[in-house]
Amino acid sequence: MKIKPNTLVAYKGGGYDGCFWEWNYAYIDKSGEFHSIFASGRNGCDNREELENCEDPYDFDLYDMGNAEDRRRFGSEEGVRGTVLCARWFAENTDTRIKAKCDRCGCQTDVLGHGSWGDYAGEGGTSYFPQHIFCGKHPQLREDY
Ligand SMILES: [Zn+2]
């Protein structure tokens with residue numbers, strides 16, 4: 001499978017003992033360079049070749065970061081953990097901003113404007129992570145970590 005430039009890839013990584021897996025994230029930037037945003041376990045990919053040679057195409061979700069609709073889809077479909085990890089990475093490394101869907105009113109909200117989400121350790125995949133994202137209109141619902 002060839003992955004086009006400027007594509008955020010969600011793939012099934014992890015795989016520690018037995019069949020446990022979790023979503024891993026990688027980004028092929030505009031010049032075709034591979035960046036691992038989050039990779040874990042033996043299924044984590046270290047480079048573009050590994051990623052493109054993953055066997056099962058159904059284990060992938062591809063998001064064209066040049067496409068507003070795809071960015072919106074990412075913010076509504078990926079779990080909170082993946083959204084926050086990727087939003088943080090994109091904010092630090094690119095000029096692309098990822099927004100997420102507010103779980104209460106459905107608006108597009110800035111994930112990183114929500115104060116501390118706690119630091120995800122990235123080892124073992126067992127760290128606790130918030131399950132919901134709320135926009136600034138519902139301060140009473142904010143989950144503080
Ligand atoms: Zn809201």
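Student: Where is N6 found?
Tutor: N6 is in the segment before β1. Helices and strands here are DSSP runs, numbered from the N terminus (helices H or I with at least four residues, strands E with at least two).

Student: What are we looking at, and how is it numbered?
Tutor: This is a predicted model, in which local features need pLDDT of at least 70 and side-chain atom pairs count only at pLDDT 80 or more, while totals for chains, interfaces and linings use all residues. Residues are numbered from 1 along each chain as its sequence is written.

Student: Back to N6. What is its phi?
Tutor: The phi of N6 is positive, about 60 degrees, although N6 is not a glycine. Most residues other than glycine have a negative phi.

Student: Why does N6 count as partly exposed?
Tutor: Because N6 has 19 C-beta neighbours inside 10 Å. A residue is buried if 20 or more other C-beta atoms lie within 10 Å of its own, exposed if 12 or fewer, and partly exposed in between, with C-beta atoms placed from the backbone.

Student: What pattern does the chain follow?
Tutor: Along the sequence, β-β-β-α-β-α-α-β-β, which comprises 3 helices and 6 strands.

Student: And what strand order does the open sheet have?
Tutor: The open sheet of 4 strands is ordered β3-β2-β1-β4, with antiparallel pairing (strands pair if DSSP finds at least two bridges between them). β3 and β4 (60-64) are at the edges, each with a single partner strand, so one side of each has no neighbour in the sheet. On average, neighbouring strands of this sheet are turned by 25 degrees against each other, direction ignored (axes are lines fitted to C-alpha atoms).

Student: How many bridges for β1 and β2, and how many for β2 and β3?
Tutor: β1 and β2 pair over 8 bridges, and V9 has A26 in β2 as its bridge partner. β2 and β3 pair over 4 bridges, with F34 in β3 as the bridge partner of I28.

Student: What's in the turn of the β2 and β3 hairpin?
Tutor: There are 5 residues between the two strands, and G32 in the turn has a positive phi of about 85 degrees.

Student: What does R48 touch?
Tutor: R48 touches I28 and F34, not counting residues up to four places away in sequence (contact: C-beta atoms, placed from the backbone, within 7 Å). R48 lies in helix α1 (residues 48-52), and counts as partly exposed because it has 17 C-beta neighbours inside 10 Å. From E33, R48 is 15 residues away in sequence and 7.8 Å away in space, C-alpha to C-alpha.

Student: Changing topic: which residues of α3 are buried?
Tutor: G82, T83, V84, L85, C86 and A87. The buried residues of α3 pack against β1 (7-14), β2 (21-28), β3 (34-38), α2 (68-77) and β5 (99-101).

Student: Which residues have the most contacts inside the largest nonpolar core?
Tutor: L8, V9, Y25, C86 and V111, in a core of 24 residues. β1, β2 and α3 each supply at least two residues of this core. A nonpolar core is a set of buried Ala, Val, Leu, Ile, Met, Phe, Trp, Tyr and Cys residues joined through C-beta atoms within 7 Å.

Student: What is V111 in contact with?
Tutor: Leaving aside neighbours within four places in sequence, V111 contacts T83, V84, A87, I98, K99, A100 and I133.

Student: How much of the chain counts as buried?
Tutor: 25% of its 145 residues.

Key:
Contact = placed C-beta atoms within 7 Å. Axes fitted to C-alpha atoms, helices over the stretch in contact; angles between N-to-C directions.
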